[in-house]
Amino acid sequence: MYMMDLTAAKYKEIKKSVDTVLLPIGMIEMHGHHCSLGTDVWIPREFVRRLDAKIGDRVMMAPEVAYGHSWSLAPFEGTIDISAEAFSHYVFEIGKEFHRNGFEQIVLFNGHGGNIPSLAIVTEKLADLGMNVLTINWWVDYREQILEITKGPGHGGEDETSLILAIDEKLADPTLAGNNQIKMNPKIKFEKSGLKLFKDGYLGNAGAATAEKGERLYEMMLELVISDLEDLWRVAYESLY
Ligand SMILES: [Zn+2]
């Protein structure tokens, strides 16, 4: 179920049986010249839509956090960069509010790399409040399986572009992209180094993206997300570990 669709009375009723909330977290930023600025919002949103159809009776889908932190991509046109401090504080406050509302389990479903360090802090702070926290960075957590379908993943790469095409072919145009590989050592940072790291605002073999690959990625990852959720519920209800 979607929180946005519930009345307060229905919300109160649902909380008697649902104690897990999923918070999608994205970013508005440059994704090459071939993907929309909302790519990192569109993908979590599509995961939520598909998850809701399968397990929506057990998880309440919260409205997304669309703005995140992107130091690397900030020099590019179209990136709305919130500082890591403000962003992590804000997401923690949202999680804290869900805990106060009675939710014991929270899923932080992240769609953007620059959010990872902030969400690691949020995860620990929410766990310290007593919540069970499942944090998913899909392209990191399921990388091995992603590589079986798309060989050239990356920011705006073959995996992301395929996932966008599977939502709507009007949101991306892989003919505008090629195959951008990292040409500098990503461990080294300097002022606006993102401009050098992400040539044309993307990495990976975006030109090879197709909607069909995107559909296969969603189907594969949906099962993995559900498996992670089942692990979360085992921790919560069977006091595992
Ligand atoms: Zn992205």
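Residues are numbered from 1 along each chain as its sequence is written, and side-chain values use heavy atoms, with hydrogens and water left out. Because the model is predicted, local features need pLDDT of at least 70 and side-chain atom pairs count only at pLDDT 80 or more, while totals for chains, interfaces and linings use all residues.

Start with the sheet. Four strands form an open sheet in the order β2-β1-β3-β4, with parallel pairing. Strands here are DSSP runs of E with at least two residues; helices are runs of H or I with at least four; both are numbered from the N terminus. Two strands pair if DSSP finds at least two bridges between them. β2 and β4 (132-137) stand at the edges, each with a single partner strand, so one side of each has no neighbour in the sheet. Strands of a sheet pair through backbone hydrogen bonds, either parallel or antiparallel.

Now take β1. Six bridges join β1 to β3 (residues 105-110), in parallel. Within that pairing, Val-21 has Ile-106 as its bridge partner. Two bridges connect β1 to β2 (residues 60-61), again in the parallel sense. There, Leu-22 is partnered by Met-61. Between β1 and β2 the chain passes through helix α2 (residues 39-55), and this β-α-β crossover is right-handed. That term means that, with the strands pointing away from the viewer, the path from the first strand over the helix to the second runs clockwise.

How many residues of β1 are buried? Six of the six residues (20-25) are, so β1 is largely enclosed by the rest of the structure. Buried means under 20% relative accessible area, exposed over 50%, and partly exposed in between (1.4 Å probe, protein chains only). Both faces are covered: Thr-20, Leu-22 and Pro-24 are buried on one side, Val-21, Leu-23 and Ile-25 on the other.

His-31 lies in the loop between β1 and α2, and Glu-160 in helix α7 (residues 158-167), so the pair ties together parts that are 129 residues apart in sequence. His-31 is buried at 0% relative accessibility. Glu-160 is buried too, at 6%.

Two backbone angles deserve a look. Most residues other than glycine have a negative phi. Lys-192 has a positive phi of about 55 degrees, and sits in the loop between α7 and α8 (194-197). Asp-200 has a phi near 60 degrees, in the loop between α8 and α9 (211-238). Asp-200 counts as partly exposed, at 34% relative accessibility.

Finish at the largest pocket. Its lining has 32 residues, of which Gly-113, Gly-114, Trp-139, His-155 and Phe-198 lie nearest the centre. The largest share, three residues, comes from α5.

Notes
1 Å grid on protein atoms, 1.4 Å probe; cavity = no way out; pocket = protein on both sides within 12 Å on 5 of 7 lines; lining within 4 Å.
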